Each structure stands twice: as structure tokens, then as C-alpha cells.
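Hi everyone, thanks for coming. Let me put the structure up on the screen, and then we can walk through a few of its details together.

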Amino acid sequence: MTSLAKAAGLAGILVFIFATVTPDLKAAGLDDGVRERQPVVTELGANASAITYWVSEPDGWHVVTTVDTVIGQESDAETHAVVRFSSMLLPGQFQLISVPLAIGERQQVLRIRRTGDQIEVARVPGVATGG
């Protein structure tokens, strides 16, 4: 019975942490500037999401994005394809990241742009794939 009580207590703590932390991790308006070392979660579709953060280093601003694509979601065969992108952006520079999708679906593109002294993370519309 103590194991069950410990598990219930741990579950309660995790629910509290996710309820209080998750709103800060999601970009309220995806065009908002992102503070240094603050992760931003961007949904790139039903089966893919990205976490982006940046760090100021002596040689420039390093931007890191990790994309997680789920294959066979909510099944016994569920697998994840995780890719990490790292770049150094100067003012005015940007990078675009997109994920594979089914024919006929609209491409979801993540744009990470440095404007002056801030980083902007935005999901921008892409083109529909041919079919």
C-alpha cells in the first residue's frame, strides 16, 4: 500500500509541476521574443513538436532546436525520430526547419530569426506537398 501512496504522491507532484511550468514553455504568441535559455515548445503538426532555446556565447548567439516526430502514435509500435539542430545567428539571420509529412498536407515550417537583440520563434505556413 505504501508503494501506491508514493506513486499517487509522485503523480500529484508531476501534475502540479506540469500545470505550473508548461504555460511558460509554450509560446503564447509565437512571434514573441524569446529570453535567453528559455525553452519554447512549438507544435509542428499532429505528430511533431520542437523545443527551441538560445544561449549567448563569446562567439555569438547559439540557437538549439530539437524536433521530435512520433511514428505510430498511441500504438504498441510507437517510435520517435528526434533530430537536433544547432546554429549561430547574427542579427538579421534566420533558419527554417520543417518536418516530413503526408502527400497533400500543408508543410509546417518553424522560422527562428534573430532581430537585433532578440530571437523570434514562429510557425509559418509552408506549401502543400504534391500528390
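Strands here, like helices, are DSSP runs numbered from the N terminus, with at least two residues of E for a strand and at least four of H or I for a helix.

Before I go on, a word on where this comes from: it is a predicted model, in which local features need pLDDT of at least 70, side-chain atom pairs count only at pLDDT 80 or more, and totals for chains, interfaces and linings use all residues. Residues are numbered from 1 along each chain as its sequence is written, and side-chain values use heavy atoms, leaving out hydrogens and water.

Now, back to the strands. Strand 2 (residues 40-45) runs antiparallel to strand 3 (residues 48-57), and five bridges join them. Two strands pair if DSSP finds at least two bridges between them. With two residues between them, strand 2 and strand 3 form a hairpin.

Strand 3 also has strand 4 (residues 60-71) as an antiparallel partner, with ten bridges joining them. One of the bridge partners in strand 4 is V67, which goes with A50. Another hairpin, through two residues, joins strand 3 to strand 4.

Let's look at T42, which lies in strand 2. Is T42 buried or exposed? T42 has a relative accessible area of 2%, so T42 is buried; buried means under 20%, exposed over 50%, and partly exposed in between, using a 1.4 Å probe and protein chains only.

Next, the aromatic rings. There is one aromatic pair in the structure. The rings of W54 and W61 are stacked, because their centres are 4.0 Å apart and their planes are at 15 degrees. For Phe, Tyr and Trp (its six-membered ring), a pair needs centres within 6.5 Å; planes under 30 degrees apart are stacked, over 60 edge-to-face, and the rest tilted. W54 is buried at 6% relative accessibility, and W61 is buried at 10%.

W61 has another neighbour: the charged end of R114 sits over its ring, 3.7 Å from the centre. That wording needs NZ of Lys or CZ of Arg within 6 Å of the ring centre and within 35 degrees of the ring normal.

Finally, confidence. The chain has a mean pLDDT of 75, with 72% of its residues at 70 or more; pLDDT is the predictor's confidence in each residue, from 0 to 100.
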